[in-house]
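Take a first look at the chain below.

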Amino acid sequence: MITVLRKCQEVVSYLPVELIDHISRGLNLSPSEVYGVASFYSLFSMKPKGRHIVKVCMGTACYVKGIKEVIDRISNQYELKEGGTSEDRRFSLEAVRCLGACGLAPVAVVNEDIYGGTSANSILNILEKYE
Ligand code: FES
């Protein structure tokens, strides 16, 4: 089921209720079983995501080095809350635990691109590259 959910989310970018119903029929399971799995794992989203996923590290090293200011700047600039998606669906902002690059703290990841040594000023220049 997880493989099916992952593939579907890759195509549609999230898992709407209609798709969960369709998956449940295809797997011969109840919609609540599929929903239960999809809602358990943070990997899956039931809400539409932005074109670009911005992950900010809330691990200790990044926190100490100022990731909170980076998050605040993103939130203010794009009217975006942690776990939310901007109105224009340009960005989704996710706070995550240690990304395993503590030496580069504070760390942000945009889609697959890793940015170390970010600051409240540099993050806006970084995000402007992503339309
Ligand atoms: S605490 Fe941020 S990468 Fe480890």
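Where does Pro106 lie? Pro106 sits in the loop between β2 (91-96) and β3 (108-110). Helices (H or I, at least four residues) and strands (E, at least two) are DSSP runs, numbered from the N terminus.

A word on the source. This is a predicted model, in which local features need pLDDT of at least 70 and side-chain atom pairs count only at pLDDT 80 or more, while totals for chains, interfaces and linings use all residues. Residues are numbered from 1 along each chain as its sequence is written, and side-chain values use heavy atoms, with hydrogens and water left out.

Now step back to the whole chain. It splits into domain 1 (2-40) and domain 2 (52-128). These bounds come from an automatic or database domain assignment. The C-alpha centres of domain 1 and domain 2 are 29 Å apart.

Next, the backbone. Most residues other than glycine have a negative phi, and most peptide bonds are trans. Return to Pro106: a cis peptide bond joins Ala105 to Pro106, with omega at about -5°.

Two residues have a positive phi. Ser13 is not a glycine, yet its phi is positive, about 80°. Ser13 belongs to the loop between α1 (2-12) and α2 (17-27). Asn28 is not a glycine either, and its phi is positive at about 60°. Asn28 is placed in the loop between α2 and α3 (31-40).

Are these two residues buried or exposed? Buried means under 20% relative accessible area, exposed over 50%, and partly exposed in between (1.4 Å probe, protein chains only). Ser13 has 29% relative accessibility, so Ser13 counts as partly exposed. Asn28 has 71%, so Asn28 counts as exposed.
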